[in-house]
Amino acid sequence: MRLILIRHGQTPSNVIGALDTGRPGPGLTSLGALQAAAIPAALADEAIDAIYISPLTRTGLTAAPLAAARGLTPEVVEGLEEISAGRWEMRSDREAVQAYVGAARRWLTGDVEFAIEGGESGTQFFDRYDAAIARVARENVDGAAVVVSHGAAIRVWAAARVGGVDLEDAVHWRLYNTGMCMLDGDPDAGWRLIRWQQEPLGGLD
């Protein structure tokens with residue numbers, strides 16, 4: 001199958017750099033709405049059979065223009081939400097951001113039992129994200145699906161699950177709002193990276 005992972009559009013918390021991972025989360029800024037509106041044209045040449053979103057509000061708002069353009073109804077899937085910031089929730093200071101990013105780096109170098117205080121461990125994150133992606137794959141065996149999810153979650157999961165990725169390089173991957181990771185494969189055979197677009201689809205940043 002083809003799996004297209006897209007980060008949600010810009011939110012007010014993104015503007016101030018806050019680690020905002022709680023439910024239901026904020027909506028989109030005016031720029032975020034424009035970013036979402038640019039997605040259908042950016043993906044005009046891609047076959048899309050289904051659209052999935054996380055339980056957080058911003059993913060549904062981001063997916064809405066594409067869903068309307070394709071006549072599809074986005075499905076909410078538990079497990080696709082952002083990596084929990086735990087004690088660092090809604091903080092934007094250097095200490096908080098470094099601790100959050102540092103946890104992901106530890107997971108990618110094998111320390112998956114390490115947990116963000118008040119949040120989740122690498123094992124917990126990978127278990128729930130893997131399960132969510134496995135559902136998407138089961139429902140689109142010979143098709144293509146868009147998953148609108150979250151920046152850290154997409155980066156960390158893709159770095160760990162895509163074949164042939166240099167993890168030392170992957171920890172530095174960036175994914176701006178409405179950036180995209182396009183993969184081919186499935187959970188059993190593995191995933192192959194087709195395209196990593198860190199810039200927003202449609203170029204609105």
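In which helix is Arg128 found? Arg128 belongs to helix H5, and several close-up views of this predicted model follow. Residues are numbered from 1 along each chain as its sequence is written. In this predicted model, local features need pLDDT of at least 70, side-chain atom pairs count only at pLDDT 80 or more, and totals for chains, interfaces and linings use all residues, while side-chain values use heavy atoms, with hydrogens and water left out.

View A. Helices (H or I, at least four residues) and strands (E, at least two) are DSSP runs, numbered from the N terminus. Arg128 has a relative accessible area of 16%, so it is buried (under 20% relative accessible area; exposed is over 50%, partly exposed in between; 1.4 Å probe, protein chains only). Beyond its neighbours within four places in sequence, Arg128 is in contact (heavy atoms within 4.5 Å) with Gly79, Leu80, Glu81, Glu82, Ile83, Ser84 and Glu120.

**View B. The open sheet of 6 strands.** Here the strands follow the order E3-E2-E4-E1-E5-E6, with mixed pairing; two strands pair if DSSP finds at least two bridges between them. Strand E3 (75–76) and E6 stand at the edges with a single partner strand each, so one side of each has no neighbour in the sheet. Strand E2 (residues 50–53) and E3 run parallel, joined by 2 bridges, and Tyr52 has Glu75 in E3 as its bridge partner. Helix H3 packs on the sheet and touches E1, E2 and strand E4 (144–149), its direction making about 165 degrees with that of E2. Helix H5 (residues 122–139) packs on the sheet as well, touching E1, E2, E3, E4 and E6, and its direction makes about 135 degrees with that of E1. Axes are lines fitted to C-alpha atoms, for helices over the stretch in contact, and angles run from 0 to 180 degrees between N-to-C directions.

**View C. Strand E5 and its two partners.** In strand E5 (residues 180–186), 6 of the 7 residues are buried. Strand E1 (residues 2–7) pairs with E5 in the antiparallel sense over 5 bridges, and there Arg2 has Asp184 as its bridge partner. E5 also pairs with E6, again antiparallel, over 7 bridges. Look for Asp186 opposite Gly190 in E6, and for the hairpin of 3 residues that joins E5 to E6.

**View D. Helices H2 and H3 crossing.** The axes of helix H2 (residues 30–42) and helix H3 (residues 57–70) come within 8 Å and cross at roughly 35 degrees. On the H2 side, Ala36, Ala37, Ile39 and Pro40 meet Leu61, Thr62, Pro65, Leu66 and Ala69 of H3.

View E. The whole structure holds 6 aromatic pairs; rings of Phe, Tyr and Trp (its six-membered ring) pair if their centres lie within 6.5 Å, and planes under 30 degrees apart count as stacked, over 60 as edge-to-face and the rest as tilted. Trp157 and Trp191 are edge-to-face, because their planes stand at 65 degrees, with ring centres 6.2 Å apart. This pair links distant parts of the chain, with Trp157 in helix H6 (residues 151–161) and Trp191 in strand E6 (residues 190–197), 34 residues apart. Trp157 is buried at 1% relative accessibility, and Trp191 is buried at 7%. Ring pairs join Trp107, Phe125, Phe126, Tyr129, Trp157 and Trp191 into a cluster.
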